[in-house]
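Dear colleague,

Please find below the structure I promised to hand over, with my notes after it.

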Amino acid sequence: MTGRLSISNTITTIGSSSVDYTQWKSLVIPKSLTTVELVAFNYVEPYDAIYYEGTKEEWNAIDIGRLGNDELTYELIRHYNYDYSS
């Protein structure tokens, strides 16, 4: 597994198959994200940590397609209010 995948803070939607077959140690998700389409994170290696720029309530408001996005829908290691600039 490699370093950290940081999604641009201008992204609002992650489309289907956008992050398929990738191996990252951690994932940084911006507060701007509103939608994750089905199988966007299909066949990814498990993340050690998922960092989200917003609050838990804002995370729960993201429309996450349940199929193929297990890494995002399971209660994994999540860190809320992450400082995206770090």
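Predicted model: local features only at pLDDT ≥ 70, side-chain atom pairs only at ≥ 80, totals over all residues.

To begin with the strands, β1 and strand β3 (residues 24–29) run parallel and are joined by four bridges, and within this pairing serine 6 has valine 28 of β3 as its bridge partner.

Residues are numbered from 1 along each chain as its sequence is written, and side-chain values use heavy atoms, with hydrogens and water left out.

The pairing of β1 and β3 belongs to an open sheet of four strands, ordered β1-β3-β5-β7, in which the pairing is parallel. Because β1 (2–6) and β7 (78–79) stand at the edges with a single partner strand each, one side of each has no neighbour in the sheet.

Turning to charged side chains, the structure holds two salt bridges, a salt bridge being a side-chain nitrogen of Lys or Arg within 4 Å of a carboxyl oxygen of Asp or Glu. One of them is formed by lysine 25 and aspartate 48, whose closest N and O atoms are 3.7 Å apart; since lysine 25 lies in strand β3 and aspartate 48 in the loop between β4 (35–36) and β5 (49–52), the pair ties together parts that are 23 residues apart in sequence. Lysine 25 is partly exposed at 46% relative accessible area, and aspartate 48 is partly exposed at 38%, where buried means under 20%, exposed over 50% and partly exposed in between, for a 1.4 Å probe and protein chains only.

Lysine 31 and glutamate 58 also form a salt bridge, with 3.5 Å between the closest N and O atoms; lysine 31 sits in the loop between β3 and β4 and glutamate 58 in helix α1, so this pair links parts that are 27 residues apart in sequence. Lysine 31 is partly exposed at 45%, and glutamate 58 is partly exposed at 29%.

Helix α1 (residues 56–61) also contains lysine 56, which is partly exposed, with a relative accessibility of 42%. Lysine 56 and arginine 78 are 22 residues apart in sequence, and their C-alpha atoms are 9.1 Å apart in space.

Conventions:
Helix = DSSP H or I, 4+ residues; strand = E, 2+ residues; numbered from the N terminus. Pairing = 2+ DSSP bridges.
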